[in-house]
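Here is a friendly walk through one structure, grouped by topic. Have the model open beside you as you read.

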Amino acid sequence: MRTQDDHLEELYGLPVLTFPVPGATAKLPEPDAVAWRIGHERWTCGEPWQDTFGRFCAEVDLTRVRALIVGIWDDPEDTDPSEVVEALAAVRDRLPALRSVFLGDITDKECKLSRISQTDVTPLLAGFPELEELGVRAGEGTSGGEDLRLRFPALRHDALRRLVVQSSGLPADAVRGVGASSLPALEHLELWLGDEEYGADCEVADLEPILSGARLPRLRHLALRNSAIQDEVAAAVATAPVVDRLDVLDLSLGTLGDDGARALLGGRPLTHLKKLDLHYNFLSEPARERIRRALAPAGVELDLGQDEAKGYEEDDGTVRREICVGPVSY
């Protein structure tokens, strides 16, 4: 399992290779054999991201590159990656085979998830109409009073099959933008909604266009993760039309409790699922057992987790549930 202390090891089915620091003499692999990670920790290499990318463009046959990972740029807590997006867009004609981009493969050691600044990422989709996968990591993005949050205005993209947004505080505008987008090829959608303590302002109503499935005819894997309103999300998902066509439903990493589990079991049938992922949760053992009895006989793979979730006791004795990724490294 990947943690926030590790970089990606694979993307688009390819092993990840970090493009070497200046002066390295190791022979580079074939351009299409790896997913190239561009970016070095500031305390191990002082080269700016744009300079590293410039060397990459000069030394690697870009026409054969299939997957790119953007690592740490400048100071991601205070600087958004708009210049990174512009740099990628500037060479789009030289990247005809590019099919996968991950923007912000940054560990907790480099910058906490909740503090990673972001920008409008849709120029990557507009500039690369053949892109099949886009992954983004985004935080609260309010350094110095400047709005450096993730933006995702509505668009149409006919090739995108996988969209992943990892956040501990996803803006409602971005959620609504995804929901308003026309993504006819999308099969895998993963949104980490987060907690208002870390900048999240999404409400269940913002998810309605996604849950209707109207613009997502090929969606088979839906993950609404790391949410502080997970019981409410579960209740909305329970009656959502999109559920009928899913193979995988993932409501993990959040504050799911017995109320959410009860809603799921009382909604649309889930016995057609190949997998239901609820790991890291606040379910009681009786609730877990009800889920097992309802779905395991139908062959649904269940990940219910146990003894993972964390919370803290308020002064009045109540327990505040915490999302997995935000206050706690995952």
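This is a predicted model, and it holds zero disulfides.

**Cysteines**
- Cys111 takes part in no disulfide, and the nearest cysteine sulfur, that of Cys324, is 18 Å away. A disulfide would need the two sulfurs within 2.5 Å.
- Cys111 is also buried, with a relative accessible area of 6%.
- Cys202 is likewise in no disulfide, with the sulfur of Cys324 as its nearest cysteine sulfur at 19 Å. Cys202 counts as buried at 12% relative accessibility.

- Val91 sits in the loop between α2 (82-90) and β5 (100-103), and is buried with a relative accessible area of 12%.
- Leaving aside residues up to four places away in sequence, Val91 touches Phe53 and Cys57. Both Phe53 and Cys57 are among the buried residues of helix α1 (residues 49-59).
- The buried residues of α1 pack against β3 (35-38), β4 (67-70) and α2.
- The C-alpha atom of Val91 is 9.6 Å from that of Gly127, 36 residues apart along the chain.

**Helices α6 and α7**
- The axes of α6 (residues 230-238) and α7 (residues 258-266) come within 8 Å and cross at roughly 5°. The two helices are therefore roughly parallel to each other.
- On the α6 side, the contact is made by Asp231, Ala234, Ala235, Val237 and Ala238; α7 contributes Asp259, Gly260, Ala263 and Leu264.
- These contact residues divide into six nonpolar, one polar and two charged.

**Salt bridges**
- The whole structure has 25 salt bridges.
- Asp231, a member of the α6 contact with α7, also forms a salt bridge with Arg321, with the closest N and O atoms 3.3 Å apart. Asp231 lies in α6 and Arg321 in strand β14 (residues 319-321), so this pair ties together parts that are 90 residues apart in sequence. Arg321 is partly exposed, at 31% relative accessibility.
- Glu132 pairs with Arg161, their closest N and O atoms being 3.0 Å apart. Glu132 is in the loop between α3 (122-127) and β6 (133-138), while Arg161 is in the loop between β6 and β7 (162-167), 29 residues apart.
- Glu132 is buried at 18% relative accessible area, whereas Arg161 is partly exposed at 28%.
- Shared partners join Glu132, Arg161, Glu187 and Arg218 into one salt-bridge network.
- Lys112 and Asp108 meet in a salt bridge at 4.0 Å, N to O. Lys112 is partly exposed at 39% relative accessibility, and Asp108 is buried at 12%.

Terms used: Residues numbered from 1 in each chain as written. Predicted model: local features only at pLDDT ≥ 70, side-chain atom pairs only at ≥ 80, totals over all residues. Heavy atoms only, no water. Axes fitted to C-alpha atoms, helices over the stretch in contact; angles between N-to-C directions. Helix = DSSP H or I, 4+ residues; strand = E, 2+ residues; numbered from the N terminus. Parallel < 35°, antiparallel > 145°, perpendicular 65-115°, else oblique. Contact = heavy atoms within 4.5 Å. Nonpolar A, V, L, I, M, F, W, Y, C, P; charged D, E, K, R; others polar. Buried < 20%, exposed > 50% of the residue type's maximum accessible area, 1.4 Å probe, protein only. Salt bridge = Lys/Arg side-chain N within 4 Å of Asp/Glu carboxyl O.
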